[in-house]
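The sequence and structure come first.

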4 protein chains.
Amino acid sequence: MIARNILLLLLCSNVFLAAIATAPQTCPADASSGCGDNSSGEWEGEFFPGIPKIKYEGPSSKNPLSYKWYNADEEILGKKMKDWMRFSVAFWHTFRGTGSDPFGVQTKFWPWEDGTNSVAMAKRRMRANFEFLNKLGVDYWCFHDRDIAPDGKTLEESNANLDQVVALAKELQGKKIRPLWGTAQLFVHPRYMHGAATSSEVGVYAYAAAQVKKAIEVTHFLGGENYVFWGGREGYQTLLNTDMGREIDHLARFLQAAVAYKKKIGFNEEFKLNIECNHATLSGHSCHHELETARINGLLGNIDANTGDPQIGWDTDQFLTDIGEATMVMLSVVRNGGIAPGGFNFDAKLRRESTDVEDLFIAHISGMDTMARGLRNVAKLIEDGSLAELVRKRYQSFDTEIGAQIEAGKADFEILEKKAMEWGEPKVPSAKQELAEMIFQSAL
Amino acid sequence: MIARNILLLLLCSNVFLAAIATAPQTCPADASSGCGDNSSGEWEGEFFPGIPKIKYEGPSSKNPLSYKWYNADEEILGKKMKDWMRFSVAFWHTFRGTGSDPFGVQTKFWPWEDGTNSVAMAKRRMRANFEFLNKLGVDYWCFHDRDIAPDGKTLEESNANLDQVVALAKELQGKKIRPLWGTAQLFVHPRYMHGAATSSEVGVYAYAAAQVKKAIEVTHFLGGENYVFWGGREGYQTLLNTDMGREIDHLARFLQAAVAYKKKIGFNEEFKLNIECNHATLSGHSCHHELETARINGLLGNIDANTGDPQIGWDTDQFLTDIGEATMVMLSVVRNGGIAPGGFNFDAKLRRESTDVEDLFIAHISGMDTMARGLRNVAKLIEDGSLAELVRKRYQSFDTEIGAQIEAGKADFEILEKKAMEWGEPKVPSAKQELAEMIFQSAL
Amino acid sequence: MIARNILLLLLCSNVFLAAIATAPQTCPADASSGCGDNSSGEWEGEFFPGIPKIKYEGPSSKNPLSYKWYNADEEILGKKMKDWMRFSVAFWHTFRGTGSDPFGVQTKFWPWEDGTNSVAMAKRRMRANFEFLNKLGVDYWCFHDRDIAPDGKTLEESNANLDQVVALAKELQGKKIRPLWGTAQLFVHPRYMHGAATSSEVGVYAYAAAQVKKAIEVTHFLGGENYVFWGGREGYQTLLNTDMGREIDHLARFLQAAVAYKKKIGFNEEFKLNIECNHATLSGHSCHHELETARINGLLGNIDANTGDPQIGWDTDQFLTDIGEATMVMLSVVRNGGIAPGGFNFDAKLRRESTDVEDLFIAHISGMDTMARGLRNVAKLIEDGSLAELVRKRYQSFDTEIGAQIEAGKADFEILEKKAMEWGEPKVPSAKQELAEMIFQSAL
Amino acid sequence: MIARNILLLLLCSNVFLAAIATAPQTCPADASSGCGDNSSGEWEGEFFPGIPKIKYEGPSSKNPLSYKWYNADEEILGKKMKDWMRFSVAFWHTFRGTGSDPFGVQTKFWPWEDGTNSVAMAKRRMRANFEFLNKLGVDYWCFHDRDIAPDGKTLEESNANLDQVVALAKELQGKKIRPLWGTAQLFVHPRYMHGAATSSEVGVYAYAAAQVKKAIEVTHFLGGENYVFWGGREGYQTLLNTDMGREIDHLARFLQAAVAYKKKIGFNEEFKLNIECNHATLSGHSCHHELETARINGLLGNIDANTGDPQIGWDTDQFLTDIGEATMVMLSVVRNGGIAPGGFNFDAKLRRESTDVEDLFIAHISGMDTMARGLRNVAKLIEDGSLAELVRKRYQSFDTEIGAQIEAGKADFEILEKKAMEWGEPKVPSAKQELAEMIFQSAL
């Protein structure tokens with residue numbers, strides 16, 4: 001029984017990267033630090049003892065640890081909210097984010113962390129992850145291979161570490177929870193400083209291939225819905241030292257080999273796009289633009305639900321709390337009939353200064369409620385119908401014989417010129433943008 | 001005898017537009033203003049009486065009306081400078097630019113302008129254009145249909161106006177001068193406010209088709225080397241009132257019909273890209289990035305040679321005077337073996353405050369000299385050889401058996417994993433970016 | 001009886017300009033065009049015959065020509081909504097905006113416009129303005145001198161034109177309506193191409209002084225609440241041709257002379273800032289940041305209520321419809337105890353493609369409702385109290401003896417060092433940003 | 001004997017930070033790691049054995065380890081090059097930069113580093129610093145307190161660590177070398193996550209005061225020319241949880257206390273600005289704009305000579321290699337008569353992928369040569385004189401009686417209005433921007 005998987009390709013420019021904690025992910029040279037062994041020991045009791053299972057209490061609730069808009073099993077527009085959303089927790093931000101930034105060290109010191117990067121610590125952290133998922137009521141999680149298990153001294157040892165942690169995760173997942181997707185971390189280790197598939201070194205290319213091979217395997221083993229490619233270090237720093245043609249050819253060969261391997265081990269293969277909102281805005285596009293462009297081309301695969309600070313020129317990966325934005329995002333999702341087997345991955349992190357354990361919950365609740373509020377607004381918009389009607393009317397001059405001819409590719413320039421001369425100066429009505437904005441706002 | 005033409009497609013986002021003068025291009029309602037008749041009369045003598053034919057005087061010259069670096073017939077890297085460059089004057093900026101901007105009216109009052117938009121004035125202006133080309137020693141020009149001849153009250157009248165002016169241009173061109181490209185102006189008139197091929201009105205779609213048909217015909221008649229598509233008003237203002245899927249389908253049908261018509265009247269058809277430097281930077285890319293990306297995909301067709309102000313968020317369309325930038329641009333052109341049948345079109349304009357007739361010459365000389373200086377620098381870089389050698393060495397690990405296998409698509413993930421385990425941790429040398437920058441600067 | 005006036009200084013960088021229509025504002029050379037005479041004749045009946053007086057109908061209304069949130073006389077937080085807001089219509093956008101942009105000509109052809117720039121047309125337009133204000137229920141308007149009356153052939157003639165139109169405006173104003181502010185248009189005419197107070201030409205400096213003198217006088221005559229300085233063309237295009245030190249000295253002398261003249265004719269004088277939201281975001285700040293910075297320095301004078309497109313690098317001057325943004329703006333206004341004698345000027349315009357007369361109303365209603373909704377949200381936030389409490393608690397360590405000493409300027413470095421050593425490593429609690437965002441959103 | 005010191009205030013917005021390595025700067029909890037003791041032992045022999053003393057070899061040299069343009073003792077415009085420049089090496093980038101970034105760990109493994117953060121390692125690193133300065137021929141260095149010596153477990157222990165390393169630095173400095181400036185690192189440690197002088201915690205405010213007090217003392221002890229304030233963590237993440245008024249008051253009190261302490265220990269006090277080029281461009285200004293604005297206000301104190309990547313929205317802190325930019329920077333410096341007691345601090349770092357020891361030299365040589373080339377270009381511009389003459393002529397209408405009256409503050413609005421009417425429409429000549437750009441380029 002093979003899961004129906006898709007390959008999601010995340011396109012991103014060379015400069016915009018989903019934030020990843022870079023605190024000591026690599027095992028220290030000194031073996032005495034316990035890296036790779038089980039010295040961390042077992043953790044007793046709950047990881048989040050003060051935090052209850054999060055429940056829906058409705059918009060009037062003042063309890064920060066409740067959902068005000070997200071009611072998982074409530075049906076909206078013919079589907080349960082949880083099936084529209086398919087929320088996922090990003091392991092790297094939530095469990096490996098330390099608060100370090102280019103100007104400062106770690107600010108978060110979670111009680112379950114023992115300061116090591118051992119396999120035992122990795123396992124303890126995985127248990128925390130599943131308690132977190134269960135308390136939030138979220139069924140999906142996303143990971144990079146090296147987030148969940150430490151690098152070993154050799155590739156073989158790294159694979160063995162990964163296998164140990166994955167075995168535990170499989171057990172903890174039970175029947176309900178599974179990865180929305182897995183991926184390979186090809187950017188933290190110094191070997192990837194020139195890229196992975198586009199590295200100038202053939203040895204790095206091979207190493208990356210081996211790592212992706214393994215990551216596909218473990219994602220499959222865990223029943224992951226998708227596998228994601230993310231080229232965090234592909235691209236260049238300066239064209240002066242770069243052979244871009246050769247690098248792009250290598251990237252193509254790498255993806256072809258990945259596709260071939262998927263086929264070999266029994267996956268269907270299909271590529272769609274994973275749209276990240278904060279990458280959209282950094283590239284000079286709105287998130288809604290990216291989603292619609294993907295959707296109308298049948299390529300909307302998954303959403304990295306986050307947002308940036310409009311005044312800041314890098315990806316701050318914040319939880320989205322803007323209601324209008326969330327409504328536009330959900331508009332695309334609803335038009336797409338949902339995004340399964342993709343979903344909403346929270347590629348979002350706490351601010352560096354948010355250091356309470358409860359902040360992890362508050363942030364996710366806030367992000368989930370915002371998307372849920374967006375979905376409810378879309379339902380209002382659709383029920384009202386006037387925005388869709390405004391758009392339909394705008395294009396109705398194409399709902400004619402000549403319009404049909406054009407759309408069927410049968411109106412050549414000679415036919416069109418004849419028509420243009422026959423018709424004289426065309427009438428051009430108002431685009432009614434301000435009215436459209438007014439209608440949209442009234443649903444918020 | 002059919003000219004070898006290519007179709008150049010200029011991709012540009014919905015927000016970045018090459019600046020066009022919007023001063024009264026449309027004939028006023030009041031017929032008494034003389035629009036469409038010949039009342040402007042003939043112009044006596046030279047248009048630029050104080051300006052000599054511009055000559056090459058070398059870098060030590062202090063004469064602003066001389067070339068210091070551009071020596072048209074000098075051979076560099078096996079080709080005459082003029083053949084590397086194929087400079088073109090943009091009719092719209094140079095002869096229709098008035099200096100108006102969103103906060104101010106016209107500042108330029110050229111002596112040959114009589115304040116009307118008549119056909120007679122259009123002809124007088126065309127004569128000025130050819131005197132300008134001859135004095136600069138430039139063999140190409142570019143135009144939009146409505147730049148060179150006024151709109152009429154009907155499409156038929158507009159076509160007739162265009163035919164009159166084109167007939168004169170053909171005569172003035174002689175054997176040496178011809179259009180680098182022609183195009184249709186589908187953005188100034190209010191009928192195009194919702195787009196042309198993507199307008200919500202079918203009548204506008206047809207009108208645009210008729211206009212492009214005619215523009216292709218006159219470009220062909222004038223022996224134009226290329227025809228350019230530029231979607232100045234395609235795209236949207238807000239997604240709330242837009243059916244993007246339908247609009248994109250219409251655009252595709254429009255381009256298919258254009259291709260079919262070209263074929264019908266005997267053109268070879270081929271699409272390449274027209275890269276505009278100022279659009280590149282507004283999109284968050286360097287000009288060099290766009291050129292290289294086009295080049296390695298075999299799509300580098302033409303260059304709109306201009307630059308922006310790095311502190312300003314719209315296209316200021318300035319003449320490029322940055323030597324480093326020019327050197328990088330010419331590096332792409334030389335690697336491409338030149339860009340014929342495309343060339344360098346100066347989609348650049350005088351600053352609003354530059355109001356002397358001689359400023360038109362100074363600006364073009366400065367832009368041409370800058371590209372020429374870039375070419376000379378590229379020759380130095382190539383002769384020195386050390387930058388190319390630095391790049392070659394960076395990738396030499398792929399000049400091996402396994403590298404060849406990868407590049408031939410024969411290295412699957414299992415082979416690569418085996419290699420990775422066999423090799424152990426790969427060595428990753430310095431990228432030497434600072435050295436590359438030092439070598440590059442030494443050629444400037 | 002002299003109105004209590006303040007001088008508002010709008011600081012803006014050289015590149016960001018409030019959009020102004022640049023359609024023929026200058027009288028054509030040809031006297032036959034009727035410029036300056038009264039040939040336009042009287043306009044019969046209503047300007048907006050289909051539009052009723054706009055009324056408050058509450059949030060459930062589907063009528064675009066009604067207020068859903070703005071209820072002028074309703075008391076919120078101890079003040080009538082209209083007194084918190086003090087809305088003003090910008091004459092230039094609403095009555096002189098033509099829809100022209102750098103790539104296209106006029107798209108708006110209002111029925112009352114006769115195509116001339118005559119004094120008679122100016123008067124007719126002024127009547128339309130007052131019908132518009134009355135139907136909207138807005139008590140303030142803003143203007144530049146040259147928006148409301150045409151340039152003459154001489155300064156004396158321009159002043160006479162202005163006097164004629166101002167006399168009519170005074171009569172139409174009645175007792176309730178008056179200017180929120182007036183200002184001088186020192187940027188459209190080519191004479192101002194190098195700046196006004198910072199022009200390199202002494203004649204332009206003098207001309208600008210004369211124009212500002214007159215604009216202050218007519219604003220005073222009309223009972224204007226404020227006078228605004230806006231340096232649309234001050235600054236430079238390139239430092240290479242600029243003596244910045246000299247220009248800045250000239251600007252200072254100009255402002256000193258303006259202050260002296262105000263005093264002389266009996267105004268109190270005081271400078272505050274006019275914050276424009278779209279300028280804030282173009283400068284890399286949020287509107288809320290600018291407002292708070294002005295407020296805590298006692299300098300919040302007036303708000304140009306508009307917004308930009310986050311994907312566009314120039315000022316698009318749109319009507320604000322973002323509820324969160326509006327709530328933050330109103331938070332500053334409420335904390336400031338209102339902004340009288342300033343107010344909210346709609347420095348905002350219809351999109352180029354919005355060409356129905358009713359769009360003018362829809363846009364203003366939408367903008368007013370959005371600010372009103374923001375005010376209602378602020379009331380909810382204040383009533384709830386938890387956001388203010390979160391902030392208070394964050395700083396409570398300063399509500400101590402040593403905190404008081406620091407805030408009184410009595411804690412020197414030696415005292416502080418002693419304390420630091422005594423206390424040891426300080427405790428630093430979570431900043432609770434996600435919680436603050438959750439609380440804020442719950443009020444929307 | 002008290003050094004003539006100035007206090008330099010670096011203004012920077014809350015989002016733009018000079019890059020600092022954040023690798024383990026804080027002593028690990030485990031005392032066994034040797035932090036604070038001398039276990040690192042002595043380093044034998046040279047740190048840079050293959051690198052000779054860098055000499056001037058002139059523009060034709062192909063040796064990357066030579067100066068092509070910087071000839072320290074050569075006189076240009078009446079001053080030795082080294083006295084115009086006063087170059088300084090930034091200890092943090094050059095000796096504490098590890099190549100880590102938000103997506104990846106350390107890439108640089110210098111041979112002299114032993115992996116600890118001990119005092120012994122700090123001393124060894126200081127010896128490397130002085131060998132580096134001597135080989136480059138640079139007389140100044142800049143530092144943060146925590147760059148040069150490790151944090152201790154208490155403030156007292158940190159101060160003691162600092163004293164040990166400073167004593168060594170004093171000895172190594174000899175008579176020629178000294179700090180251009182020192183400063184306090186108030187951003188890496190988690191205690192500063194909410195700011196230092198603007199922290200919401202009074203204990204952090206006191207701690208920061210104690211740290212600045214000590215940093216001023218050691219800078220004075222080392223004969224530093226200046227002391228710099230840099231507010232890396234001042235500002236806010238969101239206004240929703242911030243009391244900006246209170247924070248700004250605290251900042252003011254902090255600076256007042258710093259001034260008082262300086263006075264007390266015998267420094268002259270004076271504030272100037274430290275302009276950082278990469279901060280300028282991130283703020284939407286050119287570096288030249290910032291320098292000129294500081295200069296004409298008599299506030300140009302120091303230059304952090306670096307540059308950004310125009311396509312990237314954060315401070316990449318690269319070595320400047322753009323010749324045009326360097327020429328404009330030096331133009332400001334020459335007009336200012338030099339910037340002593342300030343200088344050029346290289347707040348610039350190797351790219352992450354540049355991992356050879358020689359890259360440290362190449363980068364500094366390239367940066368120094370670029371500024372030197374800029375200075376030589378300025379000399380050419382001044383000798384030629386035509387650019388200065390173009391500017392002088394532009395403003396000559398103010399070199400008149402009425403101009404003098406205006407500049408003396410004696411021309412009131414009534415005088416000016418009279419003049420404006422007398423003169424009629426002013427003449428406004430061309431600004432000649434393209435000519436100015438041509439002249440400027442000819443000096444490059």
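## Chain D against chain B

Between them, chain D and chain B bury about 3100 Å², with 46% of it on carbon and sulfur atoms; buried area is the accessible area (1.4 Å probe) that two parts lose on being put together, summed over both. On the side of chain D, the residues that lose the most area to chain B are D:Glu434, D:Met438 and D:Gln441, together 22% of what that side buries. The contact (heavy atoms within 4.5 Å) takes 40 residues from chain D and 40 residues from chain B.

The model is predicted: local features need pLDDT of at least 70, side-chain atom pairs count only at pLDDT 80 or more, and totals for chains, interfaces and linings use all residues. Residues are numbered from 1 along each chain as its sequence is written, chains are lettered from A and ligands numbered from 1 in the order in which they are written, and side-chain values use heavy atoms, with hydrogens and water left out.

## Polar and charged pairs between D and B

Chain D and chain B share 8 salt bridges, a salt bridge being a side-chain nitrogen of Lys or Arg within 4 Å of a carboxyl oxygen of Asp or Glu. One of them pairs B:Glu358 with D:Lys432, with the closest N and O atoms 2.6 Å apart. The count of residue pairs in polar contact between chain D and chain B is 28 (both at pLDDT 80 or more). A polar contact is a pair of N or O atoms within 3.5 Å; within protein, one must be able to donate a hydrogen and the other to accept it, and residues adjacent in sequence count only if both atoms are side-chain atoms.

Two or more residues of the side of chain D that touches chain B come from each of helix 11 (357-384) and helix 15 (433-442) of chain D. Helices are DSSP runs (H or I, at least four residues), numbered from the N terminus. Helix 11 of chain D has the largest share of this side, 9 residues. By class, the side of chain D that touches chain B has 12 nonpolar, 14 polar and 14 charged residues. Here Ala, Val, Leu, Ile, Met, Phe, Trp, Tyr, Cys and Pro count as nonpolar, Asp, Glu, Lys and Arg as charged, and the others, Gly among them, as polar.

## Chain A against chain B

The contact of chain A and chain B takes 79 residues from chain A and 79 residues from chain B. The area buried between the two is about 7600 Å², and carbon and sulfur atoms give 66% of it. Across this interface there are 10 salt bridges. One of the pairs is B:Lys213 with A:Glu417, whose closest N and O atoms are 2.9 Å apart. Residue pairs in polar contact number 33 across the interface of chain A and chain B (both at pLDDT 80 or more).

Several helices of chain A each supply at least two residues of the side that touches chain B, among them helix 5 (155-173), helix 6 (202-221), helix 7 (244-264) and helix 14 (413-423). Helix 7 of chain A gives the most to this side, with 12 residues. The residues of the side of chain A that touches chain B divide into 40 nonpolar, 20 polar and 19 charged.

## Disulfides

Over all chains, the structure holds 4 disulfides, each a pair of cysteine sulfur atoms within 2.5 Å. In chain B, a disulfide joins B:Cys277 to B:Cys287, S to S 2.1 Å. The link is left-handed, with -45° about the S-S bond. B:Cys277 lies in helix 8 (residues 277-282) of chain B and B:Cys287 in helix 9 (residues 287-296), so the pair ties together parts that are 10 residues apart in sequence. Both B:Cys277 and B:Cys287 are buried; buried means under 20% relative accessible area (1.4 Å probe, protein chains only).

In chain C, C:Cys277 is joined to C:Cys287, S to S 2.2 Å. The torsion about this S-S bond is about -45°, so the disulfide of C:Cys277 and C:Cys287 is left-handed. C:Cys277 counts as buried at 4% relative accessibility, and C:Cys287 counts as buried at 1%. In chain D, a disulfide joins D:Cys277 to D:Cys287, S to S 2.1 Å. D:Cys277 and D:Cys287 are both buried.

## Cysteines without a partner

A:Cys142 is in no disulfide, and the nearest cysteine sulfur, that of A:Cys277, is 15 Å away. A:Cys142 is buried, with a relative accessible area of 0%. B:Cys142 is likewise in no disulfide, the nearest cysteine sulfur being that of B:Cys277, 15 Å away. B:Cys142 counts as buried at 0% relative accessibility.

Terms used: Buried < 20%, exposed > 50% of the residue type's maximum accessible area, 1.4 Å probe, protein only.
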